[in-house]
Amino acid sequence: MNDKTISGLLDGKDEIRTFLNNASDIKLKQYLKAGMPVKILPGNRWLAHQENIEQFFKEYTANPAEFYE
């Protein structure tokens, strides 16, 4: 058995949600629609990497504010 883990890997919707300060389903959906880098695999398995999510938010929030209704 291999005890090595990938540093920064978020395995599952709950881990991603926790990383995002317990984001609601509505917020997760908004972030995904905006392009947050998450892979959703068969069986509804969510995978993401902390650095990719952090980079997404750095780039996303660097642009002027956009208002959505």
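Trainee: Which residue in S3 is the bridge partner of lysine 39?

Mentor: The bridge partner of lysine 39 is leucine 47 in S3. This is a predicted model, in which local features need pLDDT of at least 70 and side-chain atom pairs count only at pLDDT 80 or more, while totals for chains, interfaces and linings use all residues. Residues are numbered from 1 along each chain as its sequence is written, and side-chain values use heavy atoms, with hydrogens and water left out.

Trainee: What is the phi of glycine 43 in the hairpin of S2 and S3?

Mentor: Glycine 43 takes a positive phi near 85° in this hairpin, which has three residues between the strands.

Trainee: How many helices and strands does the protein have, and what pattern do they follow?

Mentor: Helices are DSSP runs of H or I with at least four residues, and strands are runs of E with at least two, numbered from the N terminus. On that basis the protein has three helices and three strands, and the pattern along the sequence is β-α-α-β-β-α.

Trainee: Why is alanine 34 called partly exposed?

Mentor: The relative accessible area of alanine 34 is 32%. Buried means under 20% and exposed over 50%, with partly exposed in between (1.4 Å probe, protein chains only). Alanine 34 is therefore partly exposed, as its 32% falls in between. Across the protein, 22% of the 69 residues count as buried.

Trainee: Where is alanine 34 placed, and with which residues is alanine 34 in contact?

Mentor: Alanine 34 belongs to the loop between helix H2 (25-33) and S2. Leaving aside neighbours within four places in sequence, alanine 34 is in contact (heavy atoms within 4.5 Å) with Phe56 and Tyr60. The C-alpha atoms of alanine 34 and glycine 8, 26 residues apart along the chain, are separated by 22 Å.

Trainee: What share of the contacts with a separation of 6 or more comes from residues 24 or more positions apart?

Mentor: Such residues account for 43% of those contacts in the protein.

Conventions:
Pairing = 2+ DSSP bridges.
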